[in-house]
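Below is a short briefing on one protein chain. Please read it alongside the sequence and the model.

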Amino acid sequence: MSANTTANATDERTRLEALWERDVVKIFVAFAAIYLVYAAIGLALGYSLDGIVNTLRRMTYLIAVYGMVTLALNLHWGYTGLFNIGVAGFMAIGLYVTMMLAKPVDPTGAAQYPGLGLPMPIAIAGGVVAAGLAGLVVAIPALRLRADYFAITTIAFAEIVRLGLTSGMAQQFSVFGAELGTGGGRGLTRNYGDPMNVIFELEAFSSFVDLTNALFGFGPTQARALAYSIVLVLVLIGFYWLIQRTSRSPFGRVLKAIREDEEAAQSLGKNTNRFKIKVFVLGCALMGLAGILWRFRRTGVTPTAFRPHVTFYIWIALIIGGAGSNTGSVLGSGLFVAVLFEGPRYVRRLIEEVITVGDAPNTFAGAVAPLLSANPAPFLRYTFDEFLTLQFVLMGVALVLLMHRRPDGLLGHREETAAAIPLTDRPAAETGAGPRPEGTDSDHSGDSQ
């Protein structure tokens, strides 16, 4: 009985280990743990159900958006070794072009700047194409540079885009007789219909509103936000599927070869520059789509939304999950949002619920001076008041620890075969490793001649 029990336990552990190797399981377990922790803390502090669900809904929205952009960046850096630190610029191009194409020809109210009045699907396609073309403009001259100079080129391009959007010349201009405008520093106001109305106006959505009202006490606005978060999760799944298929295709295997040794890939007859241009354009187009989905439902957008820190957030998510792993990109985005981005804000709200902090000193000197008299209270209040500023410090500490303990990230650079089919563990009959019939000797098979 004991031997059978041991064998059963071994088999069960083997099955669990095989199950854990599946990427979907890793993502599901990690996200379930994140959501349970957030929900448990909210319940412990007496938060209402609609408040807890709304917090989880916002986190889902952010994870989906960051996951999309991180997957696109993984296509550049993780699979091809292209050091792109101008991500925010391509996101901005996608969003601004989409809004200018979708805005009505005759502006009304606070929307001073006209657009082309195109249907939303066409406007979104135009924004994606514009982001891809911008990637082509950057890639053709810049890919001849070394990796570090290429990185400088991409971040310079992103800043040119951001500062160009704020300039007075771009505030309103004419293209082939059509009046357009970026709004300059004031940005653009959305004066077209909600892009999600095609879903919100369905009869089935009324049932969804009634269901969320009965379950969580949501109104129509909250139900729409929840539905949009669900749509973004579906788009994220589409991103994941597309990049997985790309990475496992012959095209993807060439990209991995370029990442590992570009000269070796060239020696095999591959035009590596052409492959790098193609993948850079594809990744930039996907970044543009993520930028569109990030903010195209908001009432307006300004260039400040695309400052360089957005790019570095994406890089942090990629480093956490690990370059070269699509599952790691999604997992890293979830951990970044839950622990480093939303986590400090949530912790601050929790502290405010439990403790009355009081007024903080206005200056750092005023916070530090009482420490000399063994009074830490002013310093603690000052630290709490600057809690969101410390968020950047926490990100830096997390990166240092991660690079020291796990430089490849949580799931980065896993072993991947270059062949389309596995070449190991073939059957014995196929490999010739099994027993041979009597009278055969492979070492002397040619002696009969």
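**Overview**

The protein chain has 18 helices and 4 strands, where helices (H or I, at least four residues) and strands (E, at least two) are DSSP runs numbered from the N terminus. This is a predicted model, in which local features need pLDDT of at least 70, side-chain atom pairs count only at pLDDT 80 or more, and totals for chains, interfaces and linings use all residues. Residues are numbered from 1 along each chain as its sequence is written, and side-chain values use heavy atoms, with hydrogens and water left out.

**Confidence and chain totals**

- The mean pLDDT of the protein chain is 85, and 90% of its residues reach 70 or more; pLDDT is the predictor's confidence in each residue, from 0 to 100.
- Residues 428-449 have pLDDT below 50, and this stretch makes 4 contacts in the model beyond near neighbours in sequence. Where pLDDT is low, the predicted coordinates should not be read in detail.
- Of the 449 residues in the protein chain, 42% are buried (buried is under 20% relative accessible area, exposed over 50%, partly exposed in between, with a 1.4 Å probe and protein chains only).
- Among contacts with a separation of 6 or more, 74% join residues 24 or more positions apart; contact means heavy atoms within 4.5 Å.

**Second largest pocket**

- The volume of the second largest pocket is about 400 Å³. Of its 15 lining residues, Ile27, Phe31, Val233, Ile237 and Val330 are the closest to its centre.
- A pocket is an open set of points on a 1 Å grid over the protein atoms alone, where a 1.4 Å probe fits, with protein on both sides within 12 Å along at least five of seven lines; lining residues have an atom within 4 Å of a point. Grid points are joined across faces, edges and corners, and the volume is the space filled by probe spheres set on the points.
- Two or more lining residues come from each of α2 (23-44), α3 (49-80) and α9 (220-248), and α2 gives the most, with 7 residues.
- The lining of this pocket divides into 13 nonpolar, 1 polar and 1 charged residues. Ala, Val, Leu, Ile, Met, Phe, Trp, Tyr, Cys and Pro count as nonpolar, Asp, Glu, Lys and Arg as charged, and the others, Gly among them, as polar.

- Isoleucine 85 lies in the loop between α3 and α4 and is buried, at 14% relative accessible area. Beyond four places in sequence, isoleucine 85 touches Ala151, Thr154, Ile155, Thr311 and Trp315.
- Phenylalanine 90 belongs to helix α4 and is buried at 0% relative accessibility.
- Outside four places in sequence, valine 97 is in contact with Gly126, Gly127 and Ala130; its C-alpha atom is 8.7 Å from that of alanine 131, 34 residues apart along the chain.

- Alanine 374, in the loop between α15 and α16, has a positive phi near 60° although it is not glycine. Alanine 374 is exposed, with a relative accessible area of 69%.
- Pro378, Tyr382 and Phe384 are buried in helix α16 (residues 377-385). Seen down the axis of α16, the buried residues fall within an arc of 160°, so they line one face of the helix; the arc is that of the directions from the helix axis to the C-beta atoms.
- These buried residues of α16 pack against α14 (326-354), α15 (364-368) and α17 (387-405).
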